[in-house]
Amino acid sequence: MLFPEIPVIPYRGLDDSLSFRWYNPDEDIMGKPMREHCKFALAWWHTLCGEGSDMFGGGTADKSFGADRQDVMAHAKAKADAGFELMEKLSVDYFCFHDADLIEEAPTLAESNKRLDEITDYIKGKMAKSGVKCLWGTCNAFTHKRFMAGAGTSPSADIFAYAAAKIKKAVELTVKLGGSGYVFWGGREGYETLLNTDMKFEQENLARLIKMTVKYARSIGFKGDFYIEPKPKEPSKHQYDVDVATTCNFLRAYGLMDEVKMNVEANHATLAGHTFQHELRAAADNGVFGSIDANQGDLLLGWDTDQFPSDVYSATMCMLEVLRAGGFTNGGLNFDAKTRRMSHTAEDIVHGFITGMDTYALGLRKAVQIIEDGRIDSFAGERYASYKSGIGADIVSGKAGLAELEAYSLQREPRIPESGRQEMLEGIVNCVLFEGKPRMRRWNDVPPPVEP
Ligand code: XUL
Ligand code: CO
């Protein structure tokens, strides 16, 4: 045991101990246990590799996990031991990984692949014992200097080929570990200046690489989902997969819409100038809602801070969108999140997960209450009632064109739209969030009888 001081984390309701306050994995919510609504995942890179270094200083957390760092395999196994101990103690049922997270890259591709085979044998054994599953795998095609100008969008065909070889292995490992998803995050798939960039050709190549991956993965029996994870910038100044809408345009242009869904990350949404909820809605509306990287950014900072989520409002809106989209199938909530540099102990990691999981568990509970309360959904529905009959129905069915609409409008001055009542709706959400039981009535409802 690597963390004897950390107990199995129980659900205890509002309690000060190291416990969940809202996440009760087996509690039934709308006919499904909470753990199936949430499908929480640990991100191998942040939890087991990242040591808190930044541009101004080295790591503050030690992720040796008692192993000799010179012994690459022993260290990789210690990371796996730490990961499984944490997941089991925290009731985290899934993990996500990049190839490079599992074990340090070797000097040659062949040697790296051999290392990956050995460490995934070890991880597979731990999965069988624990019941922990793989949510998704991916390939790190952005850290090494060979990828400085991108992987699929590199101006060098040799680098494209090398990235393809690495992706092939990452897909094989994902299949080996039974992953239900494979993610493409465009690490450096973007550009710094158009003075040296053929934007169209780079995007065509990116599509070629994704098509090759889909074809190969299906040929070796991968049945899960592919996801692109949009992000507007960082590390590139301009990343091609800016946001969900831009990425859908890319997928449509290259005939990939039926093959690839979205992995929406909260912090990437806000970097793109959207709310997290907007990106989730855009994915669902386009039929590509897939999975979520659950974290949060800092609106005062312009970069990807990858914090453990604590914003219940945002998590509630997220879980509303997840419930409306019918819940997760192959996707889940991956904590692409790290503790702050000053939170450098194992206990801090546990607090990060507890707060993150409780935030989403509370968000789920509140989203259910908002749906059951019904006022938000019925208000939004009624707002479009004029399209249900008369001229509105003719617009929707295509019966009316410009000439018919002109004839209609020449007969009458339109009424201005009904009030959008944003402030009232925000008040209803606050009542559900902070009072538990919604108490608001419309101002003109009959007041309740005063108790004697
Ligand atoms: C980077 C990021 C990645 C992806 C996986 O911003 O989010 O960790 O989630 O490559
Ligand atoms: Co991410």
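**Interface, polar side**

I began with the charged pairs and found two salt bridges across the interface of domain 1 and domain 2. I note that the model is predicted. One salt bridge I looked up joins Arg324 and Asp377, whose closest N and O atoms are 2.6 Å apart. I then listed polar contacts across the interface of domain 1 and domain 2, and the rule gives four residue pairs, both residues at pLDDT 80 or more.

Which helices supply at least two residues each to the side of domain 1 that touches domain 2? I wrote down α11 (312-324) and α12 (346-373). I sorted the residues of that side of domain 1 by class and got five nonpolar, two polar and three charged.

**Interface, extent**

I checked the domain bounds next: domain 1 covers 28-373 and domain 2 covers 375-434. For the contact I recorded 10 residues from domain 1 and eight residues from domain 2. I also took the distance between the C-alpha centres of domain 1 and domain 2, which is 39 Å.

How much area do domain 1 and domain 2 bury between them? I have about 840 Å², with 57% of it on carbon and sulfur atoms. I looked up which residues of domain 1 lose the most area to domain 2, and they are Tyr313, Ile370 and Asp373. Together these three make up 59% of what the domain 1 side buries.

**Ligand 1**

I moved to ligand 1 and listed the residues around it: Trp45, His98, Trp185, Glu229, Lys231, Glu265, His268, Asp293, Asp304 and Asp336.

- For Glu229 I noted 2.7 Å between an N or O atom of the side chain and an oxygen atom of ligand 1.
- For Lys231 I noted 3.0 Å from a polar side-chain atom to an oxygen atom of ligand 1.
- For Asp293 I noted 2.9 Å from a polar side-chain atom to an oxygen atom of ligand 1.

**Backbone**

Is the peptide bond from Glu234 to Pro235 cis or trans? I read it as cis, with omega near 5°. I placed Pro235 in the loop between β8 (225-229) and β9 (238-239).

I found Phe65 in the loop between α2 (44-49) and α3 (72-90).

Notes: Residues are numbered from 1 along each chain as its sequence is written. Chains are lettered from A and ligands numbered from 1 in the order in which they are written. This is a predicted model: local features need pLDDT of at least 70, side-chain atom pairs count only at pLDDT 80 or more; totals for chains, interfaces and linings use all residues. Side-chain values use heavy atoms; hydrogens and water are left out. Domain bounds come from an automatic or database domain assignment. Contact means heavy atoms within 4.5 Å. Buried area is the accessible area (1.4 Å probe) that two parts lose on being put together, summed over both. A salt bridge is a side-chain nitrogen of Lys or Arg within 4 Å of a carboxyl oxygen of Asp or Glu. A polar contact is a pair of N or O atoms within 3.5 Å; within protein, one must be able to donate a hydrogen and the other to accept it, and residues adjacent in sequence count only if both atoms are side-chain atoms. Helices (H or I, at least four residues) and strands (E, at least two) are DSSP runs, numbered from the N terminus. Ala, Val, Leu, Ile, Met, Phe, Trp, Tyr, Cys and Pro count as nonpolar, Asp, Glu, Lys and Arg as charged, and the others, Gly among them, as polar. A residue is near a molecule or strand if one of its heavy atoms lies within 4 Å of it.
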